[in-house]
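Me: I'd like to go through this structure piece by piece. Can you start with the terms and then take the helices?

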Amino acid sequence: MALAEQRARHARGEKYAGHAEMCKWLTAWRNAPSTAWLAQGPSQAQQQVLRRLDEAYKRFFAAAKAGQAGGRGRTGPPEFKRYGDEPGIRFPDPKQFSLDAPNGRIQLPKLGWVRLRMSQPVEGKLRNVSITKEGSGKGAKWFASIQVETNETVPALGIEPTLGIDLGLAQFAAFSEEVLCTAGNGNAPRALQHHVAPLKALAKQQVRLKRYQRSVARKKKGSANRKKAVAKLGNLHRRIAHQRNDWLHKLSTDLADAHPVIALEDLRIRNMSASAKGTVEAPGKMVRLKAGLNRGILDAAWGEFARQLSYKVEWRGGRVILVNPAYTSRTCRICAHEDAENRKSQALFECVACGHAENADVHASKNILAAGHAVWARASKDASLDACGGEVSRGRRASAGRAAPSKQEPTEAKVLV
Ligand SMILES: [Zn+2]
């Protein structure tokens, strides 16, 4: 309504009305008989919607002033919500809601006590709560995101990397030393481990995902059945993302708690490598994994893992160092001999020169840790150099002219035709 009013004013050549003025309109609408239904909702939440509209307009005005408005990807004027846009409201004042964590409920204006399942403990001073809806139909879910204020103590830097992480296909992650963390089946108790397998639930969902995708493809475009199938597919995608994120949060928290400075392979380099999307001879062909995980799901999980780990480590005053993964899986960490033959199988690394044998993923993670040390040393020498995005691998660098050599993971990936 406020957006329609702003557009009408603009058409009449009147000036833009700011947030305070829009709030006056809201009061009038809440009191008018034809729009009295508005009064059933909490006014502060409705004022927040006007606040967001005001901010959207201000962004548009600023972009227009800078000559960047309009066009694809540019900041345009606010648009009306469309059917299917996921709704959400924010209660900006901590006085408006109270949380009863022991009994799993939250009190919201006009709604009263609502049951909820706590995904994590809420610590600190409550600031505000946002209620959002995801999905539609039977699969729809409501979420409460509570913002809190806490006092973080940030320790000083100056610590060497202590953990190297290799991300892989059969094993989601391998560590240079054992870490107390959750396993790949999600609910198992935490244990000291060198590897974490991909979440089993994701492989199961994978089967269902394919079925739903086929179901959508079979339905006629524009039909009601297709819409239903698309909604079902969308709900499943969200479900997968939630399961994945929940598991990744547990894992990344465990790692960030145990190690302040962590070396991780740079996924941007990895994703450019040939093995990620197919071979040079057959570009773009999907690579199927024995673990049963779709490449897209795995890529998304790796990306989200790197993101979570980075911010959690930084919150604790540490740093994630990104290193080029090239050669880390086939260069002997003992004698530095580099040879594709060193990788005997998915599981085994055995150096053809010195005979050093070790679990292949753990060996690679130790190489990544060593590369992390080198990046860290350079970064410390030159404070202006960003420690993230290093390109060190056992003293070798991939030249810029050619694509980085692919990571060798011989037995588990096969090309689907
Ligand atoms: Zn060797």
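Reply: A term first: two residues are in contact if their C-beta atoms, placed from the backbone, lie within 7 Å. This is a predicted model, in which local features need pLDDT of at least 70 and side-chain atom pairs count only at pLDDT 80 or more, while totals for chains, interfaces and linings use all residues. Residues are numbered from 1 along each chain as its sequence is written.

Me: Fine. Which residues of H4 meet which residues of H5?

Reply: From H4, Ala-201, Leu-202, Gln-205, Arg-208, Leu-209, Tyr-212, Gln-213, Ser-215 and Val-216 take part. Their counterparts in H5 are Arg-226, Ala-229, Val-230, Lys-232, Leu-233, Leu-236, Ile-240, Gln-243 and Arg-244. Helices (H or I, at least four residues) and strands (E, at least two) are DSSP runs, numbered from the N terminus.

Me: How does the H4 with H5 contact divide by class?

Reply: There are 10 nonpolar, 4 polar and 4 charged residues in the contact of H4 with H5. Ala, Val, Leu, Ile, Met, Phe, Trp, Tyr, Cys and Pro count as nonpolar, Asp, Glu, Lys and Arg as charged, and the others, Gly among them, as polar.

Me: And at what angle do H4 and H5 pack?

Reply: Helix H4 (residues 200-218) and helix H5 (residues 224-258) pack at about 165°, and their axes are 9 Å apart. That makes H4 roughly antiparallel to H5. Angles under 35 degrees count as roughly parallel, over 145 as roughly antiparallel, 65 to 115 as roughly perpendicular and the rest as oblique. Axes are lines fitted to C-alpha atoms, for helices over the stretch in contact, and angles run from 0 to 180 degrees between N-to-C directions.

Me: Is the H4 crossing of H5 left-handed or right-handed?

Reply: H4 crosses H5 in the left-handed sense. A crossing is left-handed if the near helix is turned anticlockwise from the far one by less than a right angle, and right-handed if clockwise.

Me: Now H2 and H3. Where do their axes stand?

Reply: The axes of helix H2 (residues 19-31) and helix H3 (residues 43-65) come within 10 Å, crossing at roughly 140°. H2 is therefore oblique to H3. The crossing of H2 with H3 is right-handed.

Me: Which residues meet there, between H2 and H3?

Reply: His-19, Met-22, Cys-23, Leu-26 and Arg-30 of H2 meet Ser-43, Gln-46, Gln-47, Leu-50, Arg-51 and Asp-54 of H3. By class, the contact of H2 with H3 has 4 nonpolar, 4 polar and 3 charged residues.

Me: Switching to sheets. What is the order of the open sheet with 3 strands?

Reply: The order is S2-S3-S4, with antiparallel pairing. Strand S2 (98-100) and strand S4 (112-115) are the edges, each pairing on one side only. The twist averages 25° from one strand to the next. Two strands pair if DSSP finds at least two bridges between them.

Me: How many bridges between S3 and S4?

Reply: Strand S3 (residues 105-108) pairs with S4 over 4 bridges. Trp-113 in S4 is the bridge partner of Gln-107.

Me: Why does Tyr-327 count as buried?

Reply: Because Tyr-327 has 22 C-beta neighbours inside 10 Å. A residue is buried if 20 or more other C-beta atoms lie within 10 Å of its own, exposed if 12 or fewer, and partly exposed in between; C-beta atoms are placed from the backbone. Ala-336, with 15 such neighbours, counts as partly exposed.
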